Amino acid sequence: MKKTLNAFLAIALAASLAGCGSSTPEGGSSAAAGPDTTKGEGVMTYQQYADAAVDDKVTVEAYVQAKQSWWDNKGTIFAQDADGGYFFYDMPISEEDYNKLTEGTKIKVTGYKAEWMGQVEIIDSEYEILEGSWVAEPVDVTAKLKDGSLADNMNQKVTFKGVKIEPAEYTEDGSVYEVYKDANGENAAFMYKYNGTGAQGDDVYFTVSVDGVNYTFLVRSYLTGKDTDVYKAAEALEIGKTYDMEGYLYWYNGPNPYITSIKAN
Amino acid sequence: MKRFAKLSLCALLACGILTGCHGTQGMAEFTVPESFDETKTHELVFWAKNDTNRTQTAIYEKAISDFQKMYPNITVKIRLYTDYSNIYNDVITNIATNTTPNVCITYPDHIATYMTGVNTVVGLDGLMHDEKYGLAGSEVKFDAPSNEQMIPEFLDECIIQDVHYAVPFMRSTEACYINETYVNELGYELPEVLTWDFMFEVAEAALAKDENGNFAVNGQNVMIPIIYKSTDNMMIQMLAQKGAEYSDAEGNILIFNDTAKEIMYDCAEHGKSGALSTFKISSYPGNFLNAGQCIFAIDSTAGATWMGSDAPLVDISPDQIVPFETAVRMIPQYDTANPKMISQGPSICIFNKKDPQEVLASWLFTQYLLSDEVQIAYSETEGYVPVTSKAQNSDVYQDYLAREGEDNNEHYAAKIQASKLLLNNTSHTFVTPVFNGSASLRQAAGQLIENAIKSARRKETVDDAYCEKQFDSVMSLYHLDQISASAASSEDLGPLPSASKALLITLCIVWVILGAVYAVPVLKKKAKK
């Protein structure tokens, strides 16, 4: 009997381990369980949404991953389902309902697909808060920085592993890059605003490199303000050190990730 | 005597409690001190806007440094913003806590809202005309402009309820930046003064496609012939050019009229075809213009350094830039013989403080921002123009204008042409009435155009019923119905509500009882005597 029980437990354990190792949709893994992938009546799959044209009316169901801002009864939100990311821009919403949206909250959003400087988003939308919750695991897109396929992960929660901090650089004419100097005339690891014309409280920009190629990342003050850990971590970055970073893959004429977590290697 | 003291105390407390019902009283009205006490130190907070332009930041910093050398008892701490609306929001938040900055770059529309606090914003007429510390006053330590040297059109824009609550800092208007190469390739000759009809005709022609499905004019799969940055301005200027109503000085909202509907129809028609888009829908006009994907980019003259394939400031990668001839024109007109364009740009206001010496220090710094050193340097960073004739007529500034096109940085042709556009058309500029809520009305004006274009692109019908629905919608969204009521403060508000009547009657009774309690014993005492 004992043997039978042991064998049964061993099989059960093996089965559960195999379950752990089973592949989950990109950008949609979860330690506990994946999201509910059934879509309600008239709701698009991510692929149908991706195929829709700009100005088309779209309806999606997704899980709130991060809230960027609320102002004047409009909220801006990053959300995700099992297959991809969404950006609900200036969605009309009361402050009371905005506060109800926590990480993982499932919502149904109907609006119009739009594109602004390459950023794909849903505007002029209406929403309905649904039952259900799911928090996405970040997708490692470090390798995608080089191969140009990063747009596939737009608006998703992503991670960049082992990126190296370079002197913060900016360009005014689109071609010549200059290194931003701090108050002491030294190369700075970060700067406020994209060209260093800002002050504490503004977005923090910094330059990272992967395999010798430089990229611009930022901590978006609307999403994570100056009192947050990530904002302070960005202000403490050191040139030459490597870090693991998490964030949301925003787009502005190219990848422009909003970093929400910085951990030194 | 003891009894009198008690009663007095009670009366005083009652007064305190009752007046407390009316909320905070605000600041005392500022009066110009007899002299500026230079032994007293002041730390001024200055909130400014810099267009994320590094040179502008450097000019502010130099101005502060130069000013502090002349007035060592004053230090100025600057906070830079890139957006007027963020300054506005922060000021509103800080009025409640009495933590406003001392000096602030702003729009008159915004000041009208700041003024809902009592004496929050300093009326500047007394300061401007003060013999010692006024504009070019006898005790001012730098070469400041006189009252007569302020450009009157620009100065008048800062009058709210007959008082100057700001002084202009820089002025700009809107310009149409044009890919003249494409206009010519489409078979058109660019006129000196654009008309809306001409622009829309060229724009529709630019939508023709080649056999590969690309736009024939640029060979690309993207072409948005017209992109308008500020649809607020677009609606306001179109209405003004057509002689239609928008609002009046009493705060009456007059925009919801048939002319506004006609404008919405035009925008919908060209939005639907793809000929017209906006910043909010498609993003920065300059980026599309420079990529050869736009022919008419309408934006502020203060954005001229981003316009054209040789522009010194660029927001797209170099491989996306397409070479073309850039032409700068005034915004399109309905009546070319009587052009009309908006006057805009930053003004400076001063917030009231308990210490009049601190306010005077703020005024001296404000006045320094009007000196030639600051005016000329700052205006040259973009297509701004100085707000004083002193700076405009100076040899330095005239030399700058004469060197148009010498290089693609300081003397970038499109930038200097944009400045000249305003200098030559100052008499054709106008501003809209300022009142508490005029900033919301501006937003509503733009929203009507944005919605008409978006709806047309989404294949909705834009007709009379649609326009009426939009009127109702923006009226509600921007609370314009409430603005009309509150702005017209002289209106007869009707009889007092019964609750107010009851409160006033109760107050009277309390005072009669208090008086009686005091008077009766006194009278009895007198009678005994």
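Me: What makes two residues count as in contact here?
Reply: Their C-beta atoms, placed from the backbone, lie within 7 Å. By that rule, 15 residues of chain B are in contact with 14 residues of chain A. This is a predicted model: local features need pLDDT of at least 70, side-chain atom pairs count only at 80 or more, and totals for chains, interfaces and linings use all residues. Residues are numbered from 1 along each chain as its sequence is written, chains are lettered from A and ligands numbered from 1 in the order written.

Me: What makes E6(B) and E13(B) paired strands?
Reply: Strands (E, at least two residues) are DSSP runs, numbered from the N terminus. Two of them pair if DSSP finds at least two bridges between them. E6(B) and strand E13 (residues 347–350) of chain B have two bridges, in the antiparallel sense. So they pair. Pro168(B) has Ser347(B) in E13(B) as its bridge partner.

Me: Why do E2 and E6 of chain B stand at the edges?
Reply: The open sheet of five strands has the order E2-E1-E3-E13-E6 in chain B. E2 and strand E6 (167–168) each have a single partner strand, so one side of each lacks a neighbour in the sheet.

Me: What makes a set of residues a nonpolar core?
Reply: Its members are buried Ala, Val, Leu, Ile, Met, Phe, Trp, Tyr and Cys residues joined through C-beta atoms within 7 Å. Buried means 20 or more other C-beta atoms within 10 Å of a residue's own. The largest core has 142 residues; Met264(B) is among those touching the most other members.

Definitions and conventions. Helix = DSSP H or I, 4+ residues; strand = E, 2+ residues; numbered from the N terminus. Buried ≥ 20, exposed ≤ 12 C-beta atoms within 10 Å, placed from the backbone.
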